[in-house]
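Try each task before you read its solution.

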Amino acid sequence: MQELSARTRQLAFASMRRFADLVADEPDAIILTIGQPHFPTPAHIAEAAKRAIDEGFTSYTPNRGIRPLREAASAYYERFTGHRYDPDREVLVTVGTTHAIDIAMRALLAPGDEVIIPAPAYPGYEGAVRLAGGHPVFVDTRSTGFLLTPDALRQAITPRTKLLILASPANPTGTVYSEDELSALARVCVERDLYVLSDEIYAELQFDGSPASISRMPGMRDRTLVIHGLSKSHSMTGWRIGFAFAPAPIAAEMAKAAQFSVSCPSSISQMAALEALTCGHEDSRPMREAYRANRDLAVEALHRMGVPVVEPAGAFYVFPELPKALGMTSDAFCEALAREAHVALVSGTCFTHCGEGYVRISLACPPEALQEALGRIERFVERRRQG
Ligand SMILES: Cc1ncc(COP(=O)(O)O)c(C=O)c1O
């Protein structure tokens, strides 16, 4: 038999569920591993999907998505991107943000091109870069509060560097870049002729202030691909709707990649998304407030335990240095916590080698469950420190 593709063989499954599987049979298990809101999709959005089915809106759509949705997306996200992207030439509806990342990589990268990724990082970036033949270059941000600095960016650039991937708010750390920080990074990108993929999927879940987009900085509109999606803001992970906003020549290449990979996103989900973007402007507010309250609970408990943590400013994760505080590896910590306290977390190593020493706790859960989990973690930490 001939060999299978080296591009897929080099990838490993992201093992986010590993420690959830360990507690699956425990009746008192608390699973804080999932990157998914614990709220249902708002009812008015689900109703729009039902209407789409009843009215027979069940056929293929244009590759780039239905025009009313592209128009609505351009208008809705203008408050974040600062630009009115042309719905015909610069906007794509994608099968979740995951697909937007994938087709962006296919459109931009030649084999061997380097992509700079501040780490710890969401694992989806590495997979998409490698599938497109690119080479991820992880820049360790642990000593700078999980933020990429202009100096660290400059040092990572080589003649093969083509793209920087930036997320704000970020998964797994919840960190957010300020206008000034983005502006300093933008200057390097312009000076060194880099493209930027700006993953803004958590923009609506930024706790304070208005989210800043690097696409707004001078010289950046033509070199930035902004991606958004409804999975997190509207609790629509299973509907698979994302958006890409890109300069027309890049969007055209991405549309070709979309045509040959998925044809189009689900017609029914697109009608649901149209409802979300036209009538669901306030949907994310109660979710954001719930995550903020959970963030406060978690940070307070971690401070009580004397565990170093960078306070998340958005998204729904907290990424403390719990294993390192106990002199354990992330995997060993997660395994012991799952077995002894029946609490499942994600090991920091799921987010590149720069996550060693950390764990990700999801804040997308009822506060009672979080309180109980934090209490068990605190007792676990005490036992380990005493023993
Ligand atoms: C930072 C980030 N980007 C993109 C995605 C992909 O989201 P989706 O494909 O559901 O839109 C996720 C999902 O967890 C994420 O955390």
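**Exercise 1: The second largest cavity**

Task: Find how the lining of the second largest cavity divides by class into nonpolar, polar and charged residues.

Solution: Keep in mind as you work that this is a predicted model.
- Step 1. The lining of the second largest cavity has 5 nonpolar, 3 polar and 1 charged residues.
- Step 2. To see who they are, look for L166, A167, S168, L182, S198, E200, A212, S213 and I214, which line this cavity.
- Step 3. As for its volume, the second largest cavity has about 40 Å³.

**Exercise 2: The largest cavity**

Task: Work out how many cavities of 30 Å³ or more there are, and describe the lining of the largest cavity.

Solution: Start with the count, then turn to the lining.
- Step 1. There are 2 cavities of 30 Å³ or more.
- Step 2. The volume of the largest cavity is about 130 Å³.
- Step 3. This cavity is lined by 16 residues, and P118, P120, F146, A167 and A170 are the closest to its centre.
- Step 4. Two elements, β3 (114–119) and β5 (161–167), each give two or more residues to the lining of the largest cavity. The largest share, 3 residues, comes from β5.
- Step 5. Sorted by class, the lining of the largest cavity has 12 nonpolar and 4 polar residues, with no charged ones.

**Exercise 3: The ligand and its surroundings**

Task: Locate the ligand, then list the residues that surround it and find polar contacts that it makes.

Solution: Go from the site to the shell, and from there to single atoms.
- Step 1. The largest pocket is where the ligand sits.
- Step 2. Around the ligand you will find G96, T97, T98, Y122, Y125, N171, D199, I201, Y202, S231, K232 and R240.
- Step 3. Helix α6 (residues 96–108) gives the most to this shell, with 3 residues.
- Step 4. By class, the shell around the ligand holds 4 nonpolar, 5 polar and 3 charged residues.
- Step 5. Now check the contacts against the cut-off for a polar contact, a pair of N or O atoms within 3.5 Å. A polar backbone atom of T97 is 2.7 Å from an oxygen atom of the ligand. An N or O atom in the side chain of D199 is 2.6 Å from a nitrogen atom of the ligand. For K232, an N or O side-chain atom is 2.7 Å from an oxygen atom of the ligand.
- Step 6. Finish with the area: the ligand taken alone exposes 400 Å², and the protein buries 93% of that.

Conventions. Residues numbered from 1 in each chain as written. Predicted model: local features only at pLDDT ≥ 70, side-chain atom pairs only at ≥ 80, totals over all residues. Heavy atoms only, no water. 1 Å grid on protein atoms, 1.4 Å probe; cavity = no way out; pocket = protein on both sides within 12 Å on 5 of 7 lines; lining within 4 Å. Points joined across faces, edges and corners; volume = space filled by probe spheres on them. Helix = DSSP H or I, 4+ residues; strand = E, 2+ residues; numbered from the N terminus. Nonpolar A, V, L, I, M, F, W, Y, C, P; charged D, E, K, R; others polar. Near = heavy atom within 4 Å. Polar contact = N/O pair within 3.5 Å; in protein donor to acceptor, adjacent residues only side chain to side chain. Areas by Shrake-Rupley, 256 points an atom, 1.4 Å probe, with all protein chains shown as cover. Sits in = over half its atoms within 2 Å of the grid points.
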